Amino acid sequence: MAPGGLVLAAEEFTVREEPYYLPLGDEIELFEAAFEQRIPVLLKGPTGCGKTRFVEYMSWRLGRPMTHISQGGEAPLDDEGPRPFVTVACHEDLTASDLVGRYLLDTDGTRWIDGPLTRAVKTGAICYLDEVVEARKDTTVLIHPLTDYRRLLPIEKLGQVVEAADGFLLVISYNPGYQSALKDLKHSTRQRFISVEFTYPTREQEAEIISHESGVDLAVSIELAKLGEKVRNLKEHGLSEGVSTRLLIYAGRLIERGIEPRRAAQVGVTWALTDDLEVQRSIEEVVTSIFE
Amino acid sequence: MSIAGGLIARNRSRFDGFPEPLLESYESSLRALEPRLTPTQLEAWSRGGLDLMAISLRSWESAAEYFKAGPQLAESTPWDTYEQLAREAGDLTEQSAPLAVSFLRSAPATLTHIGPNHLAQWADFGRRLYKGNWKSSSLAAQFYDAGPDLFSTIRVSHAGRLVLFLDELARHSYELAAACLTSAPEVLGRLEGGDRMPFLTFGVELAQTSWADSRLYFDRGVPLIQRVHGPVRERYLTLAAQVARDHSRSVFQYFEDAAHALGEVEPDDHGPVIELAEQLAPHSAYAAMDFISNAPEVLEKVHIDELAAWQNHGLGILASSKEGGEAYFRLQSSRGEEVLDTLSARVELSKVGDVLRLYAKALTGRNISIHAAAVLAEKGIGWVDEERASTDGTTIYLPEVMELYREKDENFAAVKVFTTHQAARLEFGSFTFSFDRPSTLFEDLRPTIQEAPGANPTTEIERFFDLFPDRTLASDIHKIAEGTRIDSAITRNYAGIRRALTRMQREELARRPEVSELPLRQAFVENLVRVSLDGTDALRWPAAQQDAMSNGISVLQRLSEESASVEDTAEATLRLYQLAMSIKNEREEGEEEWDSLPDMDQESLQLDMSDLGGEGAAMEMGEAQEGDVEYESPQDIDFRGDFKPELVQLLMKLRDDAELGDAGQISPDQLTEEQLKELLEKSAEIDLDTLLEGDLQNTTGMFLSNLLKEAGTPTLDSDAQSDQPLSDLSTGGEEGEEPLAPIVTTYYYDEWDFRAQDYKPRWCAVKEADLEEGEDDFYEDTLKEYAALVAQTRKQFELMKPELFRKIKKLSDGEDIELDPAIEWMIDIRTGVSPSDKVYWRRNKVDRDVAIAFLLDMSASTDEEIARRDQQYDDSDDDPRKYLSWWVTKRRQELAAPPKRIIDLEKEATVLLITALETIGDDYGIYGFSGYGRDNVEFYVLKDFDEQFGETTKKRIDKVTPIRSTRMGPAIRHAIHKLSETDAKVRILVLLSDGRPQDHGYGRDRTEKEYAIHDTKQALNEAKREGITPFALTVDRAGHDYLKTMCEDMGYEVVGDIESLPRRLPALYRSLTE
């Protein structure tokens, strides 16, 4: 894993090695077709079901560097040389200028720096806006012209319009589950994307994923997948979100490191999911039923 | 002349002036005594009598008795006694002649019981009761009169205590003492010898402290005492006496309650209980008695061995705080309950139900409810057992309490096994049987069997069971087979529960009846049960018929395979049934050896399998044979509970039909009543005899209507019902005729007892209901009346809106560079100073995420007017007449111009608030509260949080009127509950009241405010702990003082008149929400 630091984190996302991805359906073909036609893609699905991994994988598969915008934060300091893609820490205050760019003060005045979206548009990368509804509403101003036939990015502060390079594709993700109704995606926005729905994998598929990602043997990962399936039954009944495959993998890794399965499930699933004591207790009971 | 004659002659003259019979009795007694006494003695005896006569005017009466008594004394009476009697008589006569009369009259009989030695003592007792007045004289006389009776039952020492008691009592009431004395021989007679002394001792204490209870004690005490285990009665009474000594209130009540309670405890446990109570007594006698009184309830939860631990914990509290400890033992403290819960090994469904519900939901993925099994039995839809687990397809029913084991964990594990088994039936499809769906493990026999022509089964499983001539046997086998399948599925899928399950299987095996005593077919079934419990080693079977048994076992064991489905269960049932029918149900004559089966290796099993039904030929269903013993079902398996697939499938079908019916469609295969009846009569799952008493016709009708009600189907064909009127048990039409009552939901809340420094658990019942609707006039009128104010308020609140977006400056990151800091930055750079990088600005959205609850005090005290407080009625005076007259005069004054009452101000304020809140768009709820007593805190909903403001709300405001008392604590707690359910960031609770909490039982007495204020304050503290900002708005200046105490560090505000409200509101609101 890369040490801390923005630049290095960005390096990591230039997907050089093939990420592990287990196709659950025809999503790969769909995405490829969409990419060829430059149709923007919306990925829908619950937390931790593999949306990001999928884009990473597709980005690798389509052989291009990928811009990853998830978290807002500081703009890159360096504008020289090959384009470093920036990972920004995400929050609900992500504004249009965070995406497009801003002026920085310099000794002799101000200096413009491109935001990540601008960079992606200029280089023609796949640009992935994770959890797009979290961002401020003013970002739609940017998304709309980029996602129809125009493929333009207006930069208001510079009075410019950037035409998207050929390889540019906007991919956004969206979790209809936990966001409140207030934060629903507007129709004018959502109808600009084809929508690929992600669900949790089946028990067998998930077991395979867990086993691959965590290194535990298949028997244990089947149990973990079973736990995931059971816990997801509690969604809307005490849990706002089902347990993600990611969490199950973490639990698997702990088990792989020699942590007792019940304990691993407790810290990796039960406590990670909820603070509600009653629900915790119920999940705990499921855990103790499944693991010896 | 005899000595007697000489004496008579000598003394005759002294009888002059006395009635004739006196002399006669003198003469006769002298003659009677002459043979017994020496001349000197006789003379002395005569002198005694004559002296008596001389004492006073009426003393001749006692002399008469003296003469009568002499000859009545026993022959063996020593002379001393005669002398003593004379002495005592003389002494008593000097005090009161009638007293001496009574004494002498009963002396001969009494002496036979007490013996001569105690004569003086006895006389003394009487003297003690005599105080010189006529009432005491008659009591003492009564005492002497009662002598023979009394001493035939009790000993002299007891009498001493009794006299003490009577004496004590007589100080308050001679009548009472006399009554007790009258009943004493009988009461004491009923007691065992050893108990009399303590009984009387307690009596003395009682008489000293609460003498009025003595009569009760004498009347009812004995059976109460007898409830206490013999050897410890004395200690119990001593303890009770201690209460009497330490406190004077309700001594008998404590005595009675505790004795009753002990009666419910095992006699052997009385000793330990009383011993523990004795340890408490030095700290608080009340606590000791309460401890005993509550012992049965506590012992229901904990074992007697653990009682000491519970007591010890309470003792600790008692030592530091008397009130706290007393509340603990009164079972009115949360701490007491917690300790009890921790100690208690038993698991109560009410406590774990929620966890189990989610657990079952997780396992099955369905919305499962959890209820007590008794609920299902009450429904009258086929289940009768109130203790056994079961499921009806949507709900899992469990026993109310689990106390199989001594450890809580083990009991919970048992409940979990129960739940898991029921949930697994749903998860692994026990009720989704389809007749035509092929099985996975067997070659299907179902299609090969001839079905009865013309049969029209309602459910798939019914169709299956229709194949069998002996439905009971088939049902039993099916139950075993499905149980096997489900248990294996559980073991396979839930490794964590395996241990507990295995344990329960083992225990179940240990409980099974002896196989070799059963008739053969039943033994076969019994063996299958054992196999299904994984107890192959517990099989016993005649070696000669080994084939059938091993075939059966191999069939059953196939169901443990992973791919086994409910259809496989059915196929296995067919085969096992056939095997069972091939075995005669008769008892073995004992020639053959019952053996455990030899080990069977898997291969041979597989081989056997192919034999079975493998030929694919049509299957013959056997008929019962001659000479068979009637077949009886095997003993039930506890942890698997009831299994009624036919009923469940029927219910599911009915539910589906009901849903279709709701959608306006009529299902093509809607059930007819005949079908249901048929099913009911033939199904082996329904035991009509135990289901309901009464004739079959009515029972069937009841059953059907229950079933339909359960499934949510409105009614059956109406004509089907008309030809068979339902019995009076039916509740058919009544429900519809009643007027629509408001739906009342009850919530329970703790209450803070500041004396005990602890909560009283589930003390108050808050009943929530929608407030009635009136007219919307009030709302509209208020708006009109305060049109200017309303406009002003609205404007004020609208002004708050633009602030929702706020420009934040001097940020190190933001939307754009801000000019001023940028210039400074430049200057700094140029002058060589290190610049500040905070040059950006950003518009920050301030999310208004506010939920606010308004709680209106609707107590009677809000009926008071506001303006003229000086004329206010002094509410510490309780006389209703005074109040009424005060009220009438006031009313008369007011008729011309009705003054504003507190409640009016509350209502008007509410209207204004609504206007304001609707402007700003915050989420809010409005509630009113009142009530009387802790069981009846009324909580009215004017507008709930998720409700839209509209006509209903306006009309409800109209109905806000002063009702009853003010128990603020529970109302606040309920409002907290309401607020906690919203997910707003800022939560506010505004209490609009006159600032005086007061209710029946809300404090020691009506005038005490301390308790109520502390509880209210505690409730407000709870709000703060929940992250809710409490705020009290009072419309009463006088309330100021209470509020100060209640809202120590919380906000409160006094609003004298509504005019000032709009001015205050926006500022207030802003300060609260930001």
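**Cavities, chains and selected residues**

Biologist: Which residues lie nearest the centre of the largest cavity?
Modeller: The lining of the largest cavity comprises 13 residues. A cavity is a set of points, on a 1 Å grid over the protein atoms alone, where a 1.4 Å probe fits but cannot get out, and lining residues have an atom within 4 Å of a point. Nearest the centre lie V132(A), V133(A), K137(A), T140(A) and L185(A).

Biologist: How many cavities of 30 Å³ or more does a search of the whole structure find?
Modeller: The model is predicted, so local features need pLDDT of at least 70 and side-chain atom pairs pLDDT 80 or more, whereas totals for chains, interfaces and linings use all residues. Residues are numbered from 1 along each chain as written, chains are lettered from A and ligands numbered from 1 in the order written, and side-chain values use heavy atoms without hydrogens or water. At the threshold of 30 Å³, the number of cavities is eight.

Biologist: What is the volume of the largest cavity?
Modeller: Its lining divides into six nonpolar, three polar and four charged residues. A volume here is the space filled by probe spheres set on the grid points, which are joined across faces, edges and corners. For the largest cavity it is about 130 Å³.

Biologist: What percentage of the residues of chain B count as buried?
Modeller: Chain B has 45 helices and 18 strands (DSSP runs of H or I, at least four residues, and of E, at least two). Buried means under 20% relative accessible area, with a 1.4 Å probe and protein chains only. Of the 1074 residues of chain B, the buried share is 54%.

Biologist: In chain A, what share of the contacts with a separation of 6 or more joins residues 24 or more positions apart?
Modeller: Chain A, of 292 residues, contains twelve helices and nine strands. A contact means heavy atoms within 4.5 Å. The share in chain A is 68%.

Biologist: Is Y927(B) buried or exposed, and which side chain is joined to it by a polar contact of 2.6 Å?
Modeller: Y927(B) belongs to strand β14 (residues 923-931) of chain B, and it is buried because its relative accessible area is 0%. Beyond its neighbours within four places in sequence, it touches residues including F854(B), L856(B), Y940(B) and K978(B). A polar contact is a pair of N or O atoms within 3.5 Å, one able to donate a hydrogen and the other to accept it; residues adjacent in sequence count only if both atoms are side-chain atoms. At 2.6 Å, the side chain joined to that of Y927(B) is that of D944(B).

Biologist: How far does a polar atom of the side chain of S390(B) lie from the backbone oxygen of D642(B)?
Modeller: S390(B) lies in strand β3 (residues 390-391) of chain B and counts as buried because its relative accessible area is 1%. Among its contacts outside four places in sequence are W383(B), Y397(B) and D642(B). The backbone oxygen of D642(B) is at a distance of 3.0 Å.

Biologist: What is the phi of D534(B)?
Modeller: D534(B) sits in the loop between α26 (520-532) and β6 (541-542) of chain B. Most residues other than glycine have a negative phi. The phi of D534(B) is positive, near 65°.

Terms used. On a 1 Å grid over the protein atoms alone, a cavity is a set of points where a 1.4 Å probe fits but cannot get out, and a pocket is an open set with protein on both sides within 12 Å along at least five of seven lines; lining residues have an atom within 4 Å of a point. Ala, Val, Leu, Ile, Met, Phe, Trp, Tyr, Cys and Pro count as nonpolar, Asp, Glu, Lys and Arg as charged, and the others, Gly among them, as polar. Buried means under 20% relative accessible area, exposed over 50%, partly exposed in between (1.4 Å probe, protein chains only).
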